[in-house]
Amino acid sequence: HGESLHCSVCAMNADIERRAARTRLLLMDVDGVLTDGRLYNVPGPDGQMHETKGFHAQDGIALQWLTWHGIQTGVISGRVSPATEARAAQVRMTYVYQGHIEKLPILEEILRRSGIPLTDMAYAGDDLTDIPVMRRVGLALAPANACPETKRAAHYVTTAAGGAGAVREIAEILLRAQGNWSSILKKYEVE
C-alpha cells in the first residue's frame, strides 16, 4: 500500500482480521505495553522519590482514534502510578484499574460493567501476569518486547516494542479491520 510504516499490517492474516473486526474494547497492560517497562524515580518537591514513566505520543493519538470509531480502551496494571492515571485521562480511556497483579477478577468486572462479550475484547500484554487474560479474550496481542511465553499466547505479536509504537500498530490493525483506517488517512490529508 505504499507505506513503509507498519508493513506487517499489510500481511495481516484472515484470522487476525476477523478477530480485529469484531473488537469493541482494547484492554492493555501498562508497563511494557504502553511504556518500555522502565520506571523512573525522581525527587518531588516534598523530598520524597516519586515514580514516573514515559509514554509514546503516537500511541496516544492512536488511542483517541479508536475512541472516535467506537472502540473503548482501558488498562489493567499491577502497579499504581499517578502517571498512568494522567495518561489514561489524556487519551480518554474508559477503564483504568491499577494495583491488580491478579487481572482475571478485573476482567470479570469489566465484562459486567461493559456488557461487551469476551469475544469482542482485545488485550495487549507483555508478561506472564497477562497470559490468563489473553487466553480469554477474542484477540490477544503482545508487543515485540514481550517475554517468549506471552508471545506464544498471543494471536499477534507487533513489530514495534512497548512504549515505541506497539499500541499505535495495534490501533491501526483494529481500524483497518473495521474499515476506518482510510478515514484517518483522509482526515490528515494522506489520501
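**Figure 1. Helix α7 and the residue that follows it.** Helix α7 is followed by G179, a residue with a positive phi, near 75 degrees. The model shown here and in the other views is predicted. Helix α7 comprises residues 166-177, 12 residues in total. From its first C-alpha to its last, α7 reaches 17 Å, which is close to the 16 Å expected at 1.5 Å a residue. The helix is mostly covered, with 11 of its 12 residues buried. Among these buried residues of α7 are A166, V167, I170, A171, I173, L174, L175 and A177. The charged residues R168, E169 and E172 of the helix are likewise buried.

**Figure 2. The largest nonpolar core.** The largest nonpolar core contains 31 residues. Within this core, L26, M28 and L63 have the most contacts. Several helices supply at least two residues each, namely α1 (14-21), α2 (57-68), α7 and α8 (181-187). The strands β1, β6 and β7 (139-142) also each supply at least two residues. Helix α7 gives the most to this core, with seven residues.

**Figure 3. The open sheet of six strands.** The strands of this open sheet follow the order β5-β4-β1-β6-β7-β8, and their pairing is parallel. Strands β5 (95-98) and β8 (156-157) stand at the edges and have a single partner strand each, so one side of each is left without a neighbour in the sheet. Which strands are joined by four bridges and run parallel? They are strand β1, residues 25-28, and strand β6, residues 121-124. One of the paired positions is L25, whose bridge partner in β6 is M121.

**Figure 4. The hairpin of strands β2 and β3.** Strand β2 (residues 40-43) and strand β3 (residues 49-52) run antiparallel and are joined by four bridges. Together the two strands form a hairpin, with five residues between them. In the turn, G47 has a positive phi of about 85 degrees. Y40 stands opposite T52 in β3, and the bridge partner of V42 in β3 is H50.

**Figure 5. The largest pocket and its lining.** The largest pocket has a volume of about 150 Å³. Its lining includes the aspartates D29, D31, D126, D127 and D130. R79 and K103 also line this pocket, as do G78, I101 and T129. How many residues of the lining are nonpolar, polar and charged? The lining of the largest pocket divides into one nonpolar, two polar and seven charged residues.

Figure 6. Rolling a probe the size of a water molecule over the atoms shows where empty space is left. The count comes to one cavity of 30 Å³ or more. About 30 Å³ of space lies in the largest cavity. The residues that line the largest cavity are V30, L34, F55, V75, T84, R87, A88 and M93. Which helix gives the most to this lining? Helix α3, residues 82-90, gives the most, with three residues. The lining of the largest cavity divides into six nonpolar residues, one polar residue and one charged residue.

Notes: Residues numbered from 1 in each chain as written. Predicted model: local features only at pLDDT ≥ 70, side-chain atom pairs only at ≥ 80, totals over all residues. Heavy atoms only, no water. 1 Å grid on protein atoms, 1.4 Å probe; cavity = no way out; pocket = protein on both sides within 12 Å on 5 of 7 lines; lining within 4 Å. Points joined across faces, edges and corners; volume = space filled by probe spheres on them. Expected span 1.5 Å × (residues − 1). Buried < 20%, exposed > 50% of the residue type's maximum accessible area, 1.4 Å probe, protein only. Pairing = 2+ DSSP bridges. Core = buried A, V, L, I, M, F, W, Y, C linked by side-chain atoms within 4.5 Å.
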